[in-house]
Amino acid sequence: MGFSIGSAGVRTGGPRGNLESYADKVDGKSFNLKVFKYLLVFVKPYTLRMVGAFIAMLVTTGLTLLSPFLVKVAIDGPIIEGDIEGLNEIALVMLLAFVVLYLSSMTQRYLLSWVGQKVLSDLRSKLFSHLQKLPLSYHDTHIIGVTISRVISDVGVINQLLSQGLITLIGDSILLTGIILVMLSLNAQLAVVTFAIIPVIVIATMIFAKYAKTAFRNTRAKNAHLIGDLAENLTGIRVIQAFANEGSTSERFDEVNAANRDANIEAISLSFIFLPTVEFLSMVATGIVLLFGGISVANGTISLGTVIAFLAYVNRFFLPVQELSQLYATMQTAMAGGERVINLLNTEPAVNDKPDAIDMPTITGHIKFKNVSFGYKDHVKVLHNINVDIAPGQMVALVGPTGAGKTSIANLIARFYDVTDGTVYIDDIDVRDVKQISMRQQMGLVSQDPFIFSGTIADNIRFGRPSASIDEVVRAAELANVHSFVDKLPDSYNAEILEDGANLSVGQRQLISIARAILADPRILVMDEATSSVDMVTESLIQDALKKLLANRTSIVIAHRLSTIVNADQICVVQAGKIIEQGTHTELISQRGLYHELHDRQFVELVD
Ligand code: CTP
Ligand code: MG
C-alpha cells in the first residue's frame, strides 16, 4: 500500500454534519416585496404576452360578471312579457358572450402556461450557469440534493406564483370587487344582508393564513431534506451495500420521508378544512338569498330575475375566495423558495475575475509559489508559507502523508481557490490578474478521482477540446494505451458510457482521463495520481501513458507510488501544510529524512 491514501476533496463537515444548509436562512415574511421584484425580472422579457394574458383575463372576468346579469334581463324582460323575439336577441348575445369567454379563457391559460414554462427554464438556466461559476468551496459545503431541489422544486413553485399567481390575484380581486358592486347596484338591501357572511369568511381566512404560513413553508424544507437524503444515498450506494448498511440507511430515509409526509399532510389538511368551510359559507349565503330574496319577490319589492342573478353571483363569489386562499399557500412556499433561490443567485463566486483582468498569454510553464498560505476556512490554515519555483518543462512531484495539503497546493495553481497570503505566479504573472478561463484553457488536470460523463467514449476524451477530430481522439487514446481496449468494443469510440463511468473499470477510467489530458495538450498539467490499486499490467500501461503525457510540458504530479517520480526534476515532501524537504530523489534519499522513511516503508510494503 502507498503512504497516502484518501480522496482529494476531503469534506470537513461531511454532509451529515452540515444540515444547516437544508434550511438556508430565510426572512419568513409572508409577502416579501424585494423577493417579488427580483423575481419579476424573469417575467419581463415576456411582458407582451403577459399583457395579452392580462387583457384576456379582463375579458374573462367581465364576461363572468355579465352572464348572470343577462339571465336577469331575460327573466325580468322577455320571459315574463312573453317576448320571444327579445328572448332570441338575449340568447344570441349570451351565446356570443360564451364563445368569447371560451376563447379568452383559453388564450389566458395558453399564454400563462407559455410564459410560465419559459420563466421556469430561464430561471433554471440562470441557476445552472451560476452554479457552474460558484467556487468549489460552495460545492464543498452544500449538499448536492439540496441544490437540486432549489433548481427543480423551488423554482417550480416560484414559477406558479409568478405566472399563474400574479394574474389570478389581479383577476380574482377584480372579480370579487365586481360581484360586490354589481350586487349592490342590483339591490343594495339584499346585497348587504347576503354580505353579512363576509366577516365570517374573513375570520376563517385569517385563521387559515396563520397556520398555512408555517405549514406550507415547512413542506419546502422537508422536501429539500428528502431529496438531499435520496441523492446522497444514491451517490453512496456502493458504500452502503458494501457495509451492509441498508437497514439503518433505510431507517434514516424513512424518518426523512415520514417527516416530509407529515408536513404535507398537515399543510393539505389545512386546505381540506378551509375549502369545505368556504363551501359551507357559500351554501349559507345561498340560503340567505333564497330566504330574503324569496320573501321580497313575494312582497313584490324585488324582481325574480334579480334573485336568480343574485344566486348566480353568490355562487361565483366563493370560487375566487377559494382560489385566493390557495394562492396564499402557494405564495408561502414560493416566498421561502424565492428567498433561497435569490440567496443562491447572490452568492458571489469567491474567485472572481478582476475587472481589469487580462487574457493569459501563451503559457511557457514557469510556476512560482511565493510565501503562500491558504485555508479553506479563514481561520484554519492548511498550507503555511509555501515556496516553490518550477521551471518551464520541469516535472515536480508532491509527496507526503494523507491530508498533508498536496491536493490543496494543486488547487491553487489553477486558482480553484484564492490564497490567503502570498502569491502564485505563472510565467511571473499573478494568477489573480488574468481571466480564469484564459488560464485554465491552457491547463490540464487529471484528478484523483477522474470523472467520466455519460455519453460516448469519444466525447469524454474530447472533453477539453470539443473540436478535436476523431483521428486526433484515436491518436490520444493510442498514446494513453486505451485504444486497444476501445477498439474491441462493438461501438468502438461511439460506445456509450454510463454516468460516472459506471460500466468502466477504474484503470480504464484513468486511462481515458489521461487520453483526455493528452488531447487537450495543456501547457501545465496537474496530475493527482489515483491511489486505487489496479493490476500490474494496467499499472504499467498507466505509467507508460503518464510518461508520454508529462513530456513537453510543466507538470506537477501528486504521487502515491514513488516509482512514478524517481525521475522527477524536483520532489517536494509535504507534511502538515509545509514543504519540509525539497530536492531530487537521490538528494532526498541521502538526506535520510521523511522521504527516505516513506520510500523504505513503501519498499517494504511492496515486498510484503
Ligand atoms: N480540507 C478542507 N476542505 C477541503 C479540502 C481539504 O478543509 N475542501 C483540509 C483537509 O481536511 C486536510 C487539508 O485540507 O486537512 C489538506 O487536504 P488535501 O490538500 O486534500 O490533502 P492531500 O495531501 O491531498 O491528501 P491525500 O493524499 O489524502 O489526497
Ligand atoms: Mg489529495
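Which strands, in what order, make up the open sheet of four strands with antiparallel pairing? Select S2, S1, S4 and S5, which follow one another in that order; strands here are DSSP runs (E, at least two residues) and helices are runs of H or I of at least four residues, both numbered from the N terminus, and two strands pair if DSSP finds at least two bridges between them. This is a predicted model, in which local features need pLDDT of at least 70 and side-chain atom pairs count only at pLDDT 80 or more, while totals for chains, interfaces and linings use all residues. Residues are numbered from 1 along each chain as its sequence is written, chains are lettered from A and ligands numbered from 1 in the order in which they are written, and side-chain values use heavy atoms, with hydrogens and water left out.

Stay with this sheet and colour strand S2 (383-390) and strand S5 (429-430), which stand at the edges with a single partner strand each, so one side of each has no neighbour in the sheet. Strand S1 (residues 367-374) runs antiparallel to S2 and is joined to S2 by five bridges; within this pair, Val-372 has Ile-386 as its bridge partner.

Next select helix H11 (residues 406-413), which packs on this sheet by touching S1, S2 and strand S4 (421-426), where contact means heavy atoms within 4.5 Å.

Now centre on S11: five of its six residues are buried (under 20% relative accessible area), so S11 is largely enclosed by the rest of the structure. Four bridges join S11 to S3 in parallel, with Ala-397 opposite Ile-571, whereas S11 (residues 570-575) and S12 run antiparallel and share five bridges. Among the residue pairs here are Val-573 with Glu-581 and Gln-575 with Lys-578. S11 and S12 form a hairpin with two residues between them, and Ala-576 in the turn has a positive phi of about 45 degrees.

Definitions and conventions: Axes fitted to C-alpha atoms, helices over the stretch in contact; angles between N-to-C directions. Buried < 20%, exposed > 50% of the residue type's maximum accessible area, 1.4 Å probe, protein only.
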